[in-house]
Amino acid sequence: MSFDWSVIFSNAKFLLLQGLVGIGVYGGGTLRLAIPAILLGFVIGIILGLARMANRPWIHYPAVLYIELIRGVPLIIVIFWFWFLVPVIIGRPIPEYWVALTAFVIFEGAYIGEIIRAGIQSVPKGQVEAATASGLSYAHIMFDVILPQAIRNMIPALVTQFIVLFKDTSLASIIGMMDLTKAAQTVSERELRPFEMYLFIAVVYWIFTYSMSRVAHRLEVRMSPDRRP
Amino acid sequence: MIEFRGVNKWFGSLHVLKDINLAIKQREVVVVCGPSGSGKSTLIRCINRLERIQNGEIIVDGISLSGKKTDITKLRAEVGMVFQQFNLYPHKTALENIILAPIWVRKQSRAKALKIGKDLMAKVGIPDKLDSYPAQLSGGQQQRVAIARALAMQPKIMLFDEPTSALDPEMINEVLDVMTNLAREGMTMIVITHEMGFAHRVSTRIIFMDEGQILEDESPELFFTQPKNERTRFFLSKILTH
Ligand SMILES: Nc1ncnc2c1ncn2[C@@H]1O[C@H](COP(=O)(O)OP(=O)(O)OP(=O)(O)O)[C@@H](O)[C@H]1O
Ligand SMILES: [Mg+2]
């Protein structure tokens, strides 16, 4: 059996429009899932990270519990909770897309929260002391001294996490959401061309993740004028 | 200018400042020395409340630090601090390091802060490094920027916590020279240092601390020639032979 380019060309529109972007008769789409999941996960992560560093126990402990619980279970289990359990509890089914989005945001929030916390804690104590000693307020210490350094330190870990999340969206195909992986599976079952299909989508995934790491690298360099020779 | 009245401080069960009584007048240059762990850093960090005391009272520029109405931020603006590790903001240039607090705390206009900042960089001898980042400067240059940063707030008091201990020997003097000029201009200074030459030439008083207590509080002449305390003699014999 030789490599069949035509099966890729004839199905590219379905794979890219429906599978990747999410335009078509099925709800879904890898990008339509990944982009809001990354943005919302980031917001939840900032809140969790700051909450975990809070002194007040009623803010601190719920955040610790959340992060440690979620990080202790596989992502697929979280997806299954929302797919099988939550509909039973609320008494009606939830569309695949919303199940996947909720599960991803909840799952990613825990990891991103830890990255935010580690980033802020990576700023040496002396920075806060110097800023405090000069009479700056808490808000200025946070926004002018700590966060610019913390965010720069966080970029590599954050981008790795976003890349992992982007690839993990393929798990949504297990509950039947029409993403890139599910689209490739559908086509390959019809055309009996799994090799071409899965190779094609691997390239698509790779292009996106590689671009993400390039952009991150540029961002890191741009935020580090002091580290340029 | 600065007064400690019966000050005690503990870190957990560790008693680090034991009944400290001390009064420092305007224009005095007080050198603090003593073995590692004796409480020197803690002593001066209490002055701008980087550390809190458990009992006693500290009065700075006529204001009690423990007063309920005390605006600690305002007080900190009057007290400049220079650290052993410089603690410059690595993501800001030398000039940006200097103008941050004057703009936000002193509410200076950016133009005025920049003007003062440039003058101070000239004063500490590195007028050509305005736009350098800390990582691009030598240790001695970084510490001079840190001094300029503290001076930009036009403080009434300057605190130095081992400002030359992290420097290569050939850079120590460029920092001590800046400090000497500052002392000659009449700045009230407390300096933790083991540079006994500097202490001898510049200070008006030398304090020796051990295990959280002030064991000696003397003029430099008496401190070096007739130390009262056995431990002071032992300490001096150790550091002066280097
Ligand atoms: N944040 C802290 N928590 C607990 N213990 C501390 C803390 N800071 C200092 N100590 C302890 O308090 C004692 C006094 O410390 P301090 O830093 O004031 O000493 P020092 O005289 O400045 O010493 P060095 O010459 O090493 O700088 C030491 O035993 C130190 O271990
Ligand atoms: Mg010290």
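The points below cover the nonpolar cores and then the contact between the chains.

1. A word before we start: this is a predicted model, so please read each point below with that in mind.

2. Let's begin with the inside. The largest nonpolar core holds 89 residues, and Phe104(A), Phe4(B) and Ile47(B) are those with the most contacts inside it. Helix α5 of chain A, residues 96–121, gives the most to this core, supplying 13 residues. Apart from this core lies another, of 48 residues, including Val145(B), Ala150(B), Phe224(B) and Phe235(B).

3. Phe104(A) deserves a look on your screen. Leaving aside neighbours within four places in sequence, the residues in contact with Phe104(A) include Leu33(A), Ala37(A), Leu75(A), Ile79(A) and Leu165(A). Asp168(A) and Thr169(A) are also among its contacts.

4. Now to the interface. Here 19 residues of chain A are in contact with 24 residues of chain B. The area buried between the two chains is about 1,800 Å², and carbon and sulfur atoms give 61% of it.

5. Which residues form the salt bridge between the chains? Glu129(A) pairs with Arg45(B), with the closest N and O atoms 2.8 Å apart. The count of salt bridges between chain A and chain B is 1, while 5 residue pairs are in polar contact across the interface.

6. On the side of chain A that touches chain B, α6 (125–133) and α7 (138–168) each supply at least two residues. The largest share, 7 residues, comes from α6(A). By type, the residues on this side of chain A divide into 7 nonpolar, 7 polar and 5 charged.

How values were computed. Residues numbered from 1 in each chain as written. Chains lettered and ligands numbered in written order. Predicted model: local features only at pLDDT ≥ 70, side-chain atom pairs only at ≥ 80, totals over all residues. Heavy atoms only, no water. Core = buried A, V, L, I, M, F, W, Y, C linked by side-chain atoms within 4.5 Å. Buried < 20%, exposed > 50% of the residue type's maximum accessible area, 1.4 Å probe, protein only. Helix = DSSP H or I, 4+ residues; strand = E, 2+ residues; numbered from the N terminus. Contact = heavy atoms within 4.5 Å. Buried area = accessible area lost by both parts, 1.4 Å probe. Salt bridge = Lys/Arg side-chain N within 4 Å of Asp/Glu carboxyl O. Polar contact = N/O pair within 3.5 Å; in protein donor to acceptor, adjacent residues only side chain to side chain. Nonpolar A, V, L, I, M, F, W, Y, C, P; charged D, E, K, R; others polar.
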